[in-house]
Structure formats: C-alpha cells, structure tokens
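Welcome! Please take a moment to look over the sequence and the 3D view before reading on.

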Amino acid sequence: MGFSSAEFKPFKLEKVERVNHNVKLFRFSTQNNQDGLPVASCVLFRHVDKESEHKEVIRPYTPTAMSESHVDFIIKDYAQGNMSRHLHTLQIGDEVEMKGPIMKYNWQKKPVDHVGMIAAGTGITPMLQFIRKEFSSNSSTTSKFTLIYANKEEQDILFREELTQLVKEHPDRFKVVYVLENAGQHWQAPMGYVTEDLINQYIPSASLVFVCGPPPFMEMVSGDKNPDKSQGPLKGYLKRLGYKQDCVCKL
C-alpha cells in the first residue's frame with residue numbers, strides 16, 4: 001500500500017527496535033510503495049484516543065528510511081505526548097493511520113552550496129533525510145553540510161555511528177558539532193546549550209540553514225513555526241546573526 005496525500009490509510013507495524021532509553025525505531029510495511037517519499041517530507045499519523053472522549057490526535061513524523069516494502073520512523077516517548085505514548089504501546093501487527101507526504105523543503109529543485117543544520121533531539125530526523133540523500137552513492141551534488149546537534153546527555157545522541165562514519169568518508173563536505181547539556185569530564189566537544197556564538201563559530205555563512213527541535217529550542221534559535229505550521233517570522237539567534245527569512249527553513 002502506498003501513501004496518499006488525500007486520505008489516511010492504515011499501515012501495519014512490522015518491527016519495533018529500541019534505540020535508547022526513550023526512543024524507538026518503528027518500521028511499517030508499505031507493500032510495493034514504488035513512489036517513495038521526497039526529501040524533505042513528513043507524514044501525518046492519526047489516532048483516536050478512546051480514553052479522551054474519542055478525541056482525534058494527529059501528529060507529523062519524519063521518515064528516516066524508506067524502501068518499496070517499508071518505512072522507518074524514529075520516535076521519542078514523551079510523558080505528556082498523546083501520540084508518542086500510544087505509539088510506544090503498539091505491538092507487532094497493529095496498524096496506524098497515515099497520510100502524506102507533506103513537503104517541507106523541495107531539495108531536488110532548490111539545492112544550495114553550503115547547508116547549515118541546527119537540530120536538537122529527534123529533530124535530527126529531517127536532517128537525516130537530506131544527509132542520507134546527499135551522501136548516497138547515486139547523488140551527483142557537491143553541497144557541503146555543517147550540523148550542530150544538541151542533546152541532554154551522550155546516550156541521547158541518535159545515529160552517532162552513522163554520522164561519525166560520514167564525517168570520516170566526506171571530511172571536506174560534512175562536519176558535525178555535538179553539543180551536550182550534561183557531559184562527563186571526558187567530553188571534548190561543546191557543553192551547555194546552543195548559543196549565538198556557537199552558531200557563528202561553526203555556521204558563519206551558510207547559504208541555507210535548517211532548524212528542527214522542540215518548541216523552546218526553535219524559539220531560541222530561529223523562532224518557532226506558526227500554529228498552522230507555516231514558517232512564521234524569523235527571530236532568535238539566526239536573525240541577530242544577520243540571516244534573512246528566505247535563508248532559514250524551520251523543519
């Protein structure tokens with residue numbers, strides 16, 4: 001079954017794999033979905049909460065991998081998250097209604113020379129779509145990427161091995177700066193929070209900057225999206241650093 005942007009369709013859960021203490025990988029069967037999903041796009045999940053007067057809950061999630069037979073999502077379990085709490089209780093064979101894709105940024109039509117990425121937590125997932133696409137064997141572009149990736153603790157860093165390997169394979173095109181709020185004495189990278197100075201140090205002149213993370217993080221770095229999920233005005237660190245509205249994309 002393929003995705004539809006016009007209606008919700010049920011997709012069967014095929015695999016669940018724990019990534020860390022509060023994040024799991026969810027793999028859903030797509031059965032001959034030859035069209036795939038464009039970079040960068042998300043999918044809407046729908047769940048009817050029977051414990052809350054059958055309230056409908058809809059949340060967007062970004063796929064991290066997709067083939068003709070399945071699609072993967074990396075999803076954090078939030079204590080107050082109605083959708084994430086539901087998803088983390090699912091069993092193999094259960095179904096989830098999805099609709100999409102919803103395009104966030106059409107990379108195929110608007111590639112740029114140097115991309116800055118500022119992500120926190122599971123905000124890495126849309127960044128991973130770009131990174132995997134650009135550093136795949138069939139990519140012909142030569143864009144450079146600098147990723148600032150913030151987390152609370154070292155165990156929270158997602159896809160660290162993959163990101164580190166890509167840095168080794170493409171040292172002239174890909175750089176990752178890990179930032180930890182709580183770090184041990186052995187930690188050699190930046191500690192604390194993403195700051196204006198940190199962004200200016202590592203992404204001083206990117207052609208385009210992608211930002212994704214929880215609302216307080218977004219508000220601090222670029223201003224959060226509008227309630228209707230449109231981009232909203234540019235604020236925060238990136239505005240003070242001189243970036244223009246059309247050079248920042250909130251994912």
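This is a predicted model: local features need pLDDT of at least 70, side-chain atom pairs count only at pLDDT 80 or more; totals for chains, interfaces and linings use all residues.

Residues are numbered from 1 along each chain as its sequence is written, and side-chain values use heavy atoms, with hydrogens and water left out.

**The whole chain**

Let us begin with the overall form. The protein chain holds 6 helices and 12 strands; these are DSSP runs numbered from the N terminus, with at least four residues (H or I) for a helix and at least two (E) for a strand. The C-alpha trace spans about 50 × 40 × 35 Å along its principal axes. For 251 residues, a compact globule would have a radius of gyration near 18 Å, and the protein chain agrees with its 18 Å. That radius is taken over C-alpha atoms, and the globule rule is 2.2 Å times the number of residues to the power 0.38.

Of the 251 residues, 47% count as buried, meaning under 20% relative accessible area (1.4 Å probe, protein chains only).

Strand S7 (residues 95-103) is joined to two strands described here. Two strands pair if DSSP finds at least two bridges between them.

| Strand | Partner | Bridges | Direction | Residues standing opposite |
|---|---|---|---|---|
| S1 (residues 9-20) | S7 | 4 bridges | antiparallel | proline 10 and glutamate 97 |
| S3 (residues 41-49) | S7 | 5 bridges | antiparallel | serine 41 and methionine 103 |

**A covered helix and a buried threonine**

How many residues of helix H2 (residues 124-134) are buried? The count is 9 of its 11 residues, so H2 is mostly covered. Among the buried residues of H2 are Thr125, Leu128, Phe130 and Glu134.

Now turn to threonine 64, which lies in strand S5 (residues 63-66). Is threonine 64 buried or exposed? Threonine 64 is buried, because its relative accessible area is 7%. Leaving aside residues up to four places away in sequence, threonine 64 touches Asp72, Phe73, Ile74, Thr125, Leu128, Arg132 and Phe159. Two of these partners, Thr125 and Leu128, are also listed among the buried residues of H2.

Terms used: Buried means under 20% relative accessible area, exposed over 50%, partly exposed in between (1.4 Å probe, protein chains only). Contact means heavy atoms within 4.5 Å.
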